[in-house]
Amino acid sequence: MSNAVSALQGASFDGYCKVEEAGLVGMITLRGDLSSAGVAKAVKAATGADMPGQGEIIEGAKGRAGWMSPDELLLVVDHAKAVDVVAAASKSLAKEHALVVNVSDARAVYRVTGDAVREVLAKLSPADTAAMVPGQLRRTRIAQIPAAFYLTDEKTAELICFRSVAQYAFDILKDAAMSGGEVGV
């Protein structure tokens, strides 16, 4: 049984969009040759997803696979299964030049929901959120911190940042989503 706790233990804010910490989320960094059949097989086994293309995050039966850089993926899985997923992927990639690391407890995840989710993100990031479509992953900055976010649907975004800046990320997301601060774009 795990004693893990999420960074902000379920913090939530209701403004013109809702901002909530997503709780414990399993996150695995997989680095290696993304054109390798072995990597694709490990990703499929871990998440049920196909290999994502540049800037994509693909949903599978057991999780998501997101493209982070030319040699790096982020696998999003059930927190309780992350250790086992790392062990299985490491074993299957033992003969390849690859690295598989559980980064779950080093990250915080937020869900932003509402009709103006793109506007809330646009207030904090240089990303063109108006042009984003569900399944597109953006690795960028929000205010002064590195983050990644993607739309799961037209009214929901998930944002990932380092746990060490979890409170700051929540506070700036809250500020961006505060009622009365609507831009209306």
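## Salt bridges in a predicted model

At 33% relative accessibility, D171 counts as partly exposed. Welcome to this structure, which is a predicted model. D171 has a partner: K174 forms a salt bridge with D171, with the closest N and O atoms 3.9 Å apart. K174 is partly exposed too, at 25% relative accessibility. Both residues sit in helix α4 (residues 166-177), where being 3 residues apart places them about one helical turn from each other.

Elsewhere, salt bridges with shared partners join R31, D71, E72 and R139 into one network. How many salt bridges does the structure hold? There are 10 salt bridges. As background, side chains of opposite charge can pair when their charged atoms come close.

Let us look at one pair from that network. The side chains of R31 and D71 meet in a salt bridge, at 2.6 Å from N to O. R31 belongs to strand β3 (residues 26-31) and D71 to the loop between β5 (63-69) and β6 (72-77), so this pair ties together parts that are 40 residues apart in sequence. R31 is partly exposed, with a relative accessible area of 33%, and D71 is partly exposed as well, at 31%.

Another salt bridge brings together the side chains of R64 and E59. Is R64 buried or exposed? R64 counts as buried, at 16% relative accessibility, whereas E59 is exposed, with a relative accessible area of 57%.

| Salt bridge | N to O distance |
|---|---|
| R31 and D71 | 2.6 Å |
| R64 and E59 | 3.2 Å |
| K174 and D171 | 3.9 Å |

Definitions and conventions
Residues numbered from 1 in each chain as written. Predicted model: local features only at pLDDT ≥ 70, side-chain atom pairs only at ≥ 80, totals over all residues. Heavy atoms only, no water. Salt bridge = Lys/Arg side-chain N within 4 Å of Asp/Glu carboxyl O. Helix = DSSP H or I, 4+ residues; strand = E, 2+ residues; numbered from the N terminus. Buried < 20%, exposed > 50% of the residue type's maximum accessible area, 1.4 Å probe, protein only.
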